[in-house]
Amino acid sequence: MTRRLTTFALAAMLLASPATLAYAQDAHSHTAAPAGDVVTVGTLEISGAFTRATLPNAPVGGGFFTIHNTGSEDDRLVSASTPIAKATQIHEMAMEGDVMKMRELDEGLVIPAGETVVLEPGGKHLMMMGLTGAITEGETVPVTLTFEKAGDVTLDLTAAGTAADAPAAGHH
């Protein structure tokens with residue numbers, strides 16, 4: 001029980017918004033930067049893909065990006081995978097009363113027609129669990145996303161600082 005609580009607490013801290021981690025921000029952290037390259041799959045445009053550097057032995061990491069659906073039909077992100085983790089899930093963090101809770105989105109994440117969905121620290125995100133090693137700042141992490149209608153696409157998440165809220169400047 002203690003290990004689960006500790007792992008959950010670490011995951012929540014790693015995926016919290018930078019405002020809640022202001023004390024943890026270091027010289028290697030980055031603030032908002034221009035969005036990176038746009039990756040297109042079907043009617044979906046994915047941009048601003050990044051992850052955060054992790055500490056050695058960290059069990060989890062997060063994946064963040066923006067998805068814009070230019071089509072006239074909803075699509076759904078149904079799964080994700082990466083070779084650097086044993087499992088990758090689609091999660092959301094939300095306040096329930098005074099408590100921040102994180103949960104897996106078992107049904108995936110709907111990308112409404114004509115709308116934009118943002119996966120970001122402190123909100124919806126990918127949770128990479130059982131990391132096989134640390135994610136270091138500047139490296140890229142390949143992630144394959146599977147959408148209900150658009151199909152599969154692999155994109156690179158560029159590792160920014162440990163408390164970054166956007167891709168690192170110069171990493172597109």
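The following exercises, each with a worked solution, concern a predicted model.

**Exercise 1.** Determine how many residues the largest nonpolar core has, and which contacts leucine 145 makes beyond its neighbours within four places in sequence.

*Solution.* Begin with the core: the largest nonpolar core has 28 residues. Next, identify its members with the most contacts inside it, namely Ile46, Phe65, Leu126, Leu145 and Phe147. Then turn to leucine 145; when neighbours within four places in sequence are set aside, its contacts include Ile46, Phe65 and Leu126. Among its other contacts are Ser79, Gly151 and Asp152.

**Exercise 2.** State where asparagine 57 lies, and decide whether this residue is buried or exposed.

*Solution.* First, locate the residue: asparagine 57 belongs to the loop between β2 (44-52) and β3 (60-69). Second, consider its backbone; asparagine 57 is not a glycine, yet its phi is positive, at about 70 degrees. Third, apply the cut-off: asparagine 57 has a relative accessible area of 79%, and exposed means over 50%. Asparagine 57 is therefore exposed.

**Exercise 3.** Describe how strands β5 and β6 are joined, and identify the side chains with which glutamine 89 makes polar contacts.

*Solution.* Start with the strands: β5 (residues 85-96) and β6 (residues 99-104) run antiparallel and are joined by six bridges. Now place glutamine 89, which is in strand β5. Its side chain makes a polar contact of 2.7 Å with that of histidine 91. Another polar contact, of 3.5 Å, links the side chains of glutamine 89 and glutamate 104.

Key: Residues numbered from 1 in each chain as written. Predicted model: local features only at pLDDT ≥ 70, side-chain atom pairs only at ≥ 80, totals over all residues. Heavy atoms only, no water. Core = buried A, V, L, I, M, F, W, Y, C linked by side-chain atoms within 4.5 Å. Buried < 20%, exposed > 50% of the residue type's maximum accessible area, 1.4 Å probe, protein only. Contact = heavy atoms within 4.5 Å. Helix = DSSP H or I, 4+ residues; strand = E, 2+ residues; numbered from the N terminus. Pairing = 2+ DSSP bridges. Polar contact = N/O pair within 3.5 Å; in protein donor to acceptor, adjacent residues only side chain to side chain.
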